[in-house]
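Please look over the sequence and the model shown below before reading on. The briefing that follows starts from one side chain and then widens to the whole chain.

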Amino acid sequence: MAEADGGATVPGAAESREPGDGVARSEADLRRYDTVEELLRDKLSEAIGGWRGAAESAVPVVAFTVAWARTQDLRTALVVAGACVVLLLVLRLLQRQDPRFIVYAAVGVGISAFFALRSGKAEDAFLPGMLQNAGLLVLLVVTNLTRWPLFGFIVGVAEPEAFAADPTWWRRHPGIVTVAARLAWVLVALNVVRLAIMVPLYLAEQVAALGVAKIVLGWPAYLLAVTAMGAILVRGRTPIDPGRVA
């Protein structure tokens with residue numbers, strides 16, 4: 001419909017931007033990168049928390065494990081872990097810093113407390129984490145085998161306009177699918193190791209050992225996995241599209 005007399009804009013002209021415009025801009029943005037690895041290094045850099053986020057995630061687990069070892073009382077151990085979360089959250093808020101890692105920890109403590117208090121067994125505080133690892137393991141394997149690797153969606157979400165128009169736009173680029181799958185296999189290996197160690201300890205009701213294992217297999221193991229993924233991203237030279245020379 002044409003513009004009305006006097007320069008008035010016809011209703012709907014404000015929405016003249018086609019839904020595919022966001023995808024087109026994201027496709028153009030890809031031309032800034034020579035390889036998939038370079039692209040993913042850029043997009044993943046904001047998704048990894050720093051040392052403080054890692055410490056804040058570990059503190060409630062350490063507090064729960066130490067309190068349980070000293071008192072053998074489930075409620076006391078959960079209260080101590082919860083108190084640590086509250087103190088860390090207050091500190092973040094006073095410093096006017098992003099509290100998201102504390103919120104994650106608070107949710108984790110809450111879910112763990114629900115499982116443990118419901119059964120009355122301290123080892124059940126670790127059950128939600130193991131179930132999460134198992135669920136993620138299955139999801140990663142299935143999405144990799146079906147060529148829909150989860151890391152590909154990180155690229156997609158990093159381009160909000162394109163993602164809103166077409167959440168699967170990144171699958172048009174075989175190189176992105178290939179490298180995203182390689183990164184996911186690293187996390188598959190990490191979750192296999194976690195479950196292989198923690199499930200036997202859970203079945204044996206070894207609460208203190210479970211606490212130590214959760215700490216060691218948490219951020220320290222995750223950082224090793226990130227290092228392995230970093231090596232893939234640094235050493236690889238995968239073209240975004242097969243016909244494109246890196």
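Which backbone oxygen does the side chain of Thr 65 reach? The side chain of Thr 65 reaches the backbone oxygen of Val 61, at 2.8 Å, where a polar contact is a pair of N or O atoms within 3.5 Å, and within protein one must be able to donate a hydrogen and the other to accept it, while residues adjacent in sequence count only if both atoms are side-chain atoms. This is a predicted model, in which local features need pLDDT of at least 70 and side-chain atom pairs count only at pLDDT 80 or more, while totals for chains, interfaces and linings use all residues. Residues are numbered from 1 along each chain as its sequence is written, and side-chain values use heavy atoms, with hydrogens and water left out.

**The chain as a whole**
- The protein has 11 helices and zero strands, both taken as DSSP runs numbered from the N terminus (helices are H or I, at least four residues; strands are E, at least two).
- Of its 246 residues, 39% count as buried, a word that means under 20% relative accessible area, with exposed over 50% and partly exposed in between (1.4 Å probe, protein chains only).
- Among contacts (heavy atoms within 4.5 Å) between residues at least 6 apart in sequence, 69% join residues at least 24 apart.

**Around Thr 65**
- Thr 65 has its place in helix H3, which covers residues 51-71, and Thr 65 counts as buried because its relative accessibility is 10%.
- Leaving aside residues up to four places away in sequence, Thr 65 touches Phe 126, Ala 208 and Gly 211.

**The nonpolar cores**
- The largest nonpolar core has 42 residues, such a core being a set of buried Ala, Val, Leu, Ile, Met, Phe, Trp, Tyr and Cys residues joined through side-chain atoms within 4.5 Å.
- Among the residues with the most contacts inside this core are Phe 126, Phe 151 and Leu 187.
- The elements that give two or more residues to this core include H3, H7 and helix H9 (174-203), and H9 gives the most, with 12 residues.
- Leu 187 touches Leu 140, Phe 151, Tyr 222, Ala 225 and Met 229, again not counting residues up to four places away in sequence.
- A second, separate core of five residues includes Val 85, Leu 88, Ile 102 and Ala 105.

**One face of helix H7**
- In helix H7 (residues 150-157), the buried residues are Phe 151, Gly 152, Val 155 and Gly 156.
- Seen down the axis of H7, these buried residues fall within an arc of 160 degrees, so they line one face of the helix, the arc being that of the directions from the helix axis to the C-beta atoms.
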